[in-house]
Amino acid sequence: MFALNEQQVDFILEDIRRNGIESEELQLSLLDHICCVIEEEISPEMNFEDLYRSILPRFFKKELREIQEETDLLITFKNYYAMKKVMLNIGVFSAFVFIIGAIFKLMHWPGAGIMLVLPIAIISFVFLPLLFLIKSKEIKKKREKFTLGTGVVFGIILSMSGLFKVMHWPGAGALWVSALAMLFLVFLPFHFFGGIRNPETKTNTIISSILILMTGGLFFTLTDLSSTRQKIEELTIQTDSHLLVATNYLHQGNQNDYAEIVDSTQVIKNLELQAKCDTLCTKIENLKLGLMKALPAQPSEMTEEEFVDQYGYDIRSTMSFLFTDKEEDPKPSLVAIKAGINDLNSFLSLNYVSEVGDLLNTEDRSNPGSSSDIKVSWEVANFHRVPLQLTMRILNQLILEIKIIESSNL
């Protein structure tokens, strides 16, 4: 086997130092490995320096200094590779669960909430902080570390705003605006001016900044800076409240009308009308109460208006309370409401001459939002895949219609 002389060994050692290997122990280790390879492959007719230059790239991907940097990471950040593996596994898991959760949310299947909350929370409070810890060890310049940090903070705030928006929690708008402000006012300027100064990254920085600006601009177009949405929600809740007030007012008027009737025949007939109307209204009120109990908050803890304000967009709970697992098959409590309405209509047609028109109409009808001409049942048309806010409004509207019909026949 060919043996390298002292001059050749010194040449290799000096070149290793020039390539950024600072640790003496690492220098000697690399020197030993390179010398062994050269001594095995060199032959008398080969040029030593040419052979050395051809062997050296076997020890790195881009440059020899990578070995020094990886060694520094291992020394200063002993769990680097373990954390990197955990980060990647968590990222893949969260992305997979989030996609499944989005499908469940779209189809209104049970379990969608946890499959959206869990991955977003993991991404925000585990994946992104781990990403910052790992990448910050690889970056030397403070400006680049700050840019990375602002990017991570932006990602966390954006994820939280998305989560709050999907779950209809208060504060989603403020988080969304904060995320965009972080992107445009902090991250983008530091990213652009930090990268454009380096000739090697100048082109990539300009391209990435344009993409960030366009993406952020698209996000900004989705931002409602006016109070229109909030005003609509407030007026909707106010309208529902007025609906309850009008129903109570009409009920009180009906009670006064009953008290003023003196004809015995009319009194008997009206007492039966009153009993049927009160029984049907009680069934509807019990259905509302059961729906409220099916959700996390108990009715005793908040008013109906407060309850609807907090859980108004919930579809899954209303579906599971009003329909069976067959989805379009209504539960007995909802069927009983329809039967009560039909019984009242039959009683009115036999005993009173006034027409109810479209009030309390339980005939099959076209499904709202569907392009199909196939008619569906009254239960499906009014309550299938309807959020809690509209469900409660429809039930309150039914009570009001009963009171109106009751009043018109007194």
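A residue counts as buried under 20% relative accessible area, as exposed over 50%, and as partly exposed in between. Keep that in mind for these exercises on a predicted model.

**Exercise 1.** Classify phenylalanine 190 and phenylalanine 146 by accessibility, then describe their ring pair.

*Solution.* Start with phenylalanine 190: its relative accessible area is 30%, so the residue is partly exposed. Next, phenylalanine 146 has 41% relative accessibility and is also partly exposed. Now turn to the rings of phenylalanine 146 and phenylalanine 190: their centres are 4.7 Å apart and their planes make 55 degrees, a tilted pair.

**Exercise 2.** Work out the geometry of the pair formed by phenylalanine 11 and tyrosine 52, and what the pair ties together.

*Solution.* First, note that the structure holds six aromatic pairs. In the pair of phenylalanine 11 and tyrosine 52, the centres are 5.8 Å apart with 75 degrees between the planes. Planes over 60 degrees apart count as edge-to-face, and this pair is edge-to-face. Then locate the partners: phenylalanine 11 belongs to helix H1 (residues 6-18) and tyrosine 52 to helix H3 (residues 48-55), so the pair ties together parts 41 residues apart in sequence. Check accessibility too: tyrosine 52 is buried at 0%, whereas phenylalanine 11 is partly exposed at 22%.

**Exercise 3.** What share of the 410 residues of the protein chain counts as buried?

*Solution.* The share is 36%. For the setting, the chain's secondary structure comes to 16 helices and two strands.

Technical notes
Residues numbered from 1 in each chain as written. Predicted model: local features only at pLDDT ≥ 70, side-chain atom pairs only at ≥ 80, totals over all residues. Heavy atoms only, no water. Helix = DSSP H or I, 4+ residues; strand = E, 2+ residues; numbered from the N terminus. Buried < 20%, exposed > 50% of the residue type's maximum accessible area, 1.4 Å probe, protein only. Phe/Tyr/Trp six-rings, centres within 6.5 Å; stacked < 30°, edge-to-face > 60°.
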